[in-house]
Amino acid sequence: MKIALLGYGKMGKTIERLALEKGHSVVFKSSIDSSEGNFEDAEVAIEFSSPEAAVKNISKALEARIPVVSGTTGWLEKYDEMVKLCEKRNGSFISASNFSIGVNLFFSINEYAAKLMAPWKEYNVSVEEIHHLEKKDAPSGTAITIAEGILKHSNKKNWKLNTSEENSLNIIAKREEDVKGTHLVSYDSEIDTISFVHEAHSREGFAKGAILAAEWLKDKKGIFTMKDVLRIDEF
Ligand SMILES: NC(=O)C1=CN([C@@H]2O[C@H](COP(=O)(O)OP(=O)(O)OC[C@H]3O[C@@H](n4cnc5c(N)ncnc54)[C@H](O)[C@@H]3O)[C@@H](O)[C@H]2O)C=CC1
Ligand SMILES: O=C(O)C1=N[C@H](C(=O)O)C[C@H](O)C1
């Protein structure tokens, strides 16, 4: 598979290493101030850049009729615009807040727990995420997906960052040196706490999932999610 890497930072470089190990080739790569290779040669684009660059990068791939896998977080208010462009171009698009298999299983565990906990009003639920100091967005995209899973089954109205409002689901975002990505869901009562956590030990899980998504998407048309790729049923 011939890959274009739109964004060649921590994720782009990890994806390149693992993709080459799998026998794929990287025919184009771009950063904020440089690019090399020939974009039109790509069979699929993998996009991990920044909240400001994501829409431009995804549009570039869709306009060129190159299937695109996007992992960038913090731009999702423009998601519907990208879906419309994909439909107009009869293209192929997957966006996910987290491509690791473990986190996608965690999303289902989270929804199951939210459904199970819904009648037990003495428990207050919260989400905490911890990431490295360079991360631009807060809360993380993964924390937002987790919060959306909880809100499907909860009587809380919305999620908010660092809130003590009873009607809102509190997301706590922490930034610490070199943390690859930790997400914790806690149900607290006066009597006890139930919590479950996903901790990424490296960026390889995100990168492997993105390559898997690209292999899966390459010869398909439409807009998909990681649940389609991994065949995980909706709750
Ligand atoms: N969905 C997932 O599984 C994962 C998502 N991410 C997300 O992916 C994104 C990238 O993460 P990292 O590689 O760690 O970041 P990074 O900062 O190491 O790399 C970002 C890359 O994007 C480029 N870039 C930044 N601003 C740009 C602009 N305005 N125009 C063009 N290129 C630009 C940079 O030059 C660099 O090559 C972030 O949004 C992060 O939250 C990160 C890990 C996993
Ligand atoms: O910026 C990161 O590093 C990560 N971003 C994603 C997010 O915002 O959820 C996924 C992962 O946790 C790493």
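Select ligand 2 and the residues around it: Thr-73, Ser-97, Asn-98, His-131, Lys-135, Ser-140, Gly-141, Thr-142 and Gly-181. A residue is near a molecule if its C-beta atom, placed from the backbone, lies within 6 Å of it. Colour this shell by class. No residue is nonpolar, 8 are polar and 1 is charged. Here Ala, Val, Leu, Ile, Met, Phe, Trp, Tyr, Cys and Pro count as nonpolar, Asp, Glu, Lys and Arg as charged, and the others, Gly among them, as polar.

The model is predicted: local features need pLDDT of at least 70, side-chain atom pairs count only at pLDDT 80 or more, and totals for chains, interfaces and linings use all residues. Residues are numbered from 1 along each chain as its sequence is written, while chains are lettered from A and ligands numbered from 1 in the order in which they are written.

**The two domains**

Now colour by domain. Domain 1 covers 2-99 + 203-230, and domain 2 covers 101-199. These bounds come from an automatic or database domain assignment. Their centres, taken over C-alpha atoms, are 27 Å apart. The contact between them takes 11 residues from domain 1 and 12 residues from domain 2. Two residues are in contact if their C-beta atoms, placed from the backbone, lie within 7 Å.

Helices (H or I, at least four residues) and strands (E, at least two) are DSSP runs, numbered from the N terminus. By class, that side of domain 1 has 3 nonpolar, 7 polar and 1 charged residues. Return briefly to ligand 2. Its shell draws at least three residues from each of domain 1 and domain 2.

**The seven-strand sheet**

Show the strands E3-E2-E1-E4-E5-E6-E12. In that order, these 7 strands form an open sheet with mixed pairing. Two strands pair if DSSP finds at least two bridges between them. At the edges are E3 and strand E12 (222-224), each pairing on one side only. Neighbouring strands are turned by 20° against each other on average, direction ignored. Axes are lines fitted to C-alpha atoms, for helices over the stretch in contact, and angles run from 0 to 180 degrees between N-to-C directions.

Zoom in on strand E1 (residues 2-6) and strand E2 (residues 25-30). They run parallel, joined by 5 bridges. Lys-2 stands opposite Ser-25. Ile-3 has Val-26 as its bridge partner in E2. Follow the chain from E1 through helix H1 (residues 10-21) to E2: this β-α-β crossover is right-handed. That is, with the strands pointing away from the viewer, the path from the first strand over the helix to the second runs clockwise.

Carry on to strand E3 (residues 35-37). A hairpin of 4 residues links E2 to E3. The two strands are antiparallel, with 3 bridges. Look for Phe-28 opposite Gly-37.

**Ligand 1**

Select ligand 1 next. It has 22 residues around it, of which Gly-9, Met-11, Ser-31, Ala-53 and Gly-71 come nearest. H1 gives the most to this shell, with 3 residues. Its classes are 8 nonpolar, 12 polar and 2 charged.

**The five-strand sheet**

Move to E8-E9-E7-E10-E11. These 5 strands form an open sheet in that order, and the pairing is mixed. Strand E8 (158-161) and strand E11 (193-199) are at the edges with a single partner strand each, so one side of each is left without a neighbour in the sheet. Neighbouring strands here are turned by 20° against each other on average, direction ignored.

Step through the pairs:

- E8 and E9 are parallel over 4 bridges; Asn-158 is opposite Ser-168.
- E7 and E9 run parallel, with 6 bridges; Val-127 is opposite Ile-171.
- Strand E10 (residues 182-188) and E11 run antiparallel, with 7 bridges; Val-185 has Phe-196 as its partner.

Finish with the helices. Helix H4 (residues 101-117) packs on the sheet, touching strand E7 (124-131), E10 and E11, and its direction makes about 165° with that of E11. Helix H5 (residues 141-151) lies across E7, E8, strand E9 (168-175) and E10, running at about 165° to E7.
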